[in-house]
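Thanks for asking me to look over this one with you. Have the sequence and the model open side by side, and let's walk through a few spots together.

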Amino acid sequence: MKKTKQFDLKKYLQQKGKFVNKLLVKYLPEDNSIMSRAMRYSVLAGGKRLRPVLVMLGAETFGLNIKKIESAICAVEFLHTYSLIHDDLPAMDNDDLRRGKLTSHKKFGEAAAILAGDALLTESFNLIAKANVPAERIVKAIKVFAGYSGFKGMIAGQVEDTIEAGKWNKKNISFCKKKLEYIHIHKTSDLIKASLLTGAILAGAKDKSLKALEKYGHNIGVAFQIADDILDVYADKKLLGKNGSDKDNDKLTYLRLYGKEKSEQNANKLIKEAKKVVSGFKLNKEVFESLADYMITRKF
């Protein structure tokens, strides 16, 4: 009996990552102004490129040639990078390093970093609008993208994670659990959902499939953040590419609330549920399953 070849996720992510990096160079400004240099510096500083890979996965699963949405693939990385630039600012997490390099405000100054983040955020919507698909799909994708990344989505999670930091230990355990779930859903999971759904919507996926992707994205997104909470304490700081920690900033995390063992159990349960959701997909089932596992087995 012929042995089935196992899917190589590492190779898949490397190939997709290289493709994304070429696209990012293509869609970033090329002039030598401080703003353009700051934008290029942060976007091209490295990273997993996980979110643009999810845009491509969402599109390819429903039959769309990704050449039609090259700009939209970059959009989510532009927006993600803006959020990281602002996260690192002294008023928020006050980090000096990001991916082993100086953060944007340390390299270019606070004003340039804030404005570079603003520029990337604004351009992300323009990049989705440039997709070569029917206009009604673009409008729907932008609406979903804005919803999950805006003040009711990712930013809502950032607000609770940053402004409310240090206040959680004055509340009861039930309050803390609800607050923690809210932070994880919005701070991390919402942008992962937005990535998958943007690609799928641009491909014309039906509502039933979009709901399945939304559930899958929710589960792997929360699991991803639980893993982040664990890595923040146990991982090699050189691999993480930063110096600070959530503990230093008195952040509410899964690890502090549940402990390592229970946190890992919760993450594993979410991944198991995520796999069930996509079990009926005809295309890329193996990719979805391997990506789900990756969310909790990664080292940085």
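**Notes on the predicted model**

1. Let's start with one glutamate. Glu-123 sits in helix 6 (residues 110-129); helices here are DSSP runs of H or I with at least four residues, strands are E runs of at least two, and both are numbered from the N terminus. This is a predicted model, where local features need pLDDT of at least 70, side-chain atom pairs count only at pLDDT 80 or more, and totals for chains, interfaces and linings use all residues. Residues are numbered from 1 along each chain as its sequence is written, and side-chain values use heavy atoms, with hydrogens and water left out.

2. Apart from neighbours within four places in sequence, Glu-123 contacts Phe-78 and Lys-130, a contact being heavy atoms within 4.5 Å. Leu-79 is 44 residues from Glu-123 in sequence, yet their C-alpha atoms are 8.4 Å apart in space.

3. Now over to helix 4, which holds Thr-81. Thr-81 is buried, with a relative accessible area of 2%. Beyond the neighbours within four places in sequence, Thr-81 is in contact with Ser-42, Val-43 and Leu-120.

4. Which residues have the most contacts inside the largest nonpolar core? They are Ile-69, Leu-202, Tyr-216 and Leu-291, in a core of 84 residues. A nonpolar core is a set of buried Ala, Val, Leu, Ile, Met, Phe, Trp, Tyr and Cys residues joined through side-chain atoms within 4.5 Å. Helix 9 gives the most to this core, with 11 residues. As for Tyr-216, leaving aside neighbours within four places in sequence, its contacts include Leu-196, Ala-274, Phe-288 and Leu-291.

5. On to the salt bridges, of which there are 12; each is a side-chain nitrogen of Lys or Arg within 4 Å of a carboxyl oxygen of Asp or Glu. One of them joins the side chains of Arg-49 and Glu-77, at 2.8 Å from N to O. This pair links distant parts of the chain, with Arg-49 in the loop between helix 2 and helix 3 (50-61) and Glu-77 in helix 4, 28 residues apart. Arg-49 is buried at 4% relative accessibility, and Glu-77 is buried with a relative accessible area of 2%.

6. Another bridge pairs Asp-88 with Arg-98, their closest N and O atoms being 2.8 Å apart. Asp-88 lies in the loop between helix 4 and strand 1 (97-98) and Arg-98 in strand 1, so the pair ties together parts that are 10 residues apart in sequence. Asp-88 counts as buried at 3% relative accessibility, while Arg-98 counts as partly exposed at 26%.

7. Asp-293 is partly exposed at 32%, and Lys-275 is partly exposed at 26%.

8. How many cavities of 30 Å³ or more does a search of the whole structure find? There are two. On a 1 Å grid over the protein atoms alone, a cavity is a set of points where a 1.4 Å probe fits but cannot get out; a pocket is an open set with protein on both sides within 12 Å along at least five of seven lines; lining residues have an atom within 4 Å of a point. Grid points are joined across faces, edges and corners, and a volume is the space filled by probe spheres set on the points.

9. The largest cavity holds about 120 Å³ of space. Of its 14 lining residues, Ser-42, Ile-85, Asp-88, Arg-98 and Ser-104 are the closest to its centre. Helix 4 supplies the largest share of this lining, three residues.

10. Finally, the second largest pocket has about 260 Å³ of space. Among the residues lining this pocket are Lys-177, Glu-181, His-218, Tyr-254 and Asn-266.

Conventions: Buried < 20%, exposed > 50% of the residue type's maximum accessible area, 1.4 Å probe, protein only.
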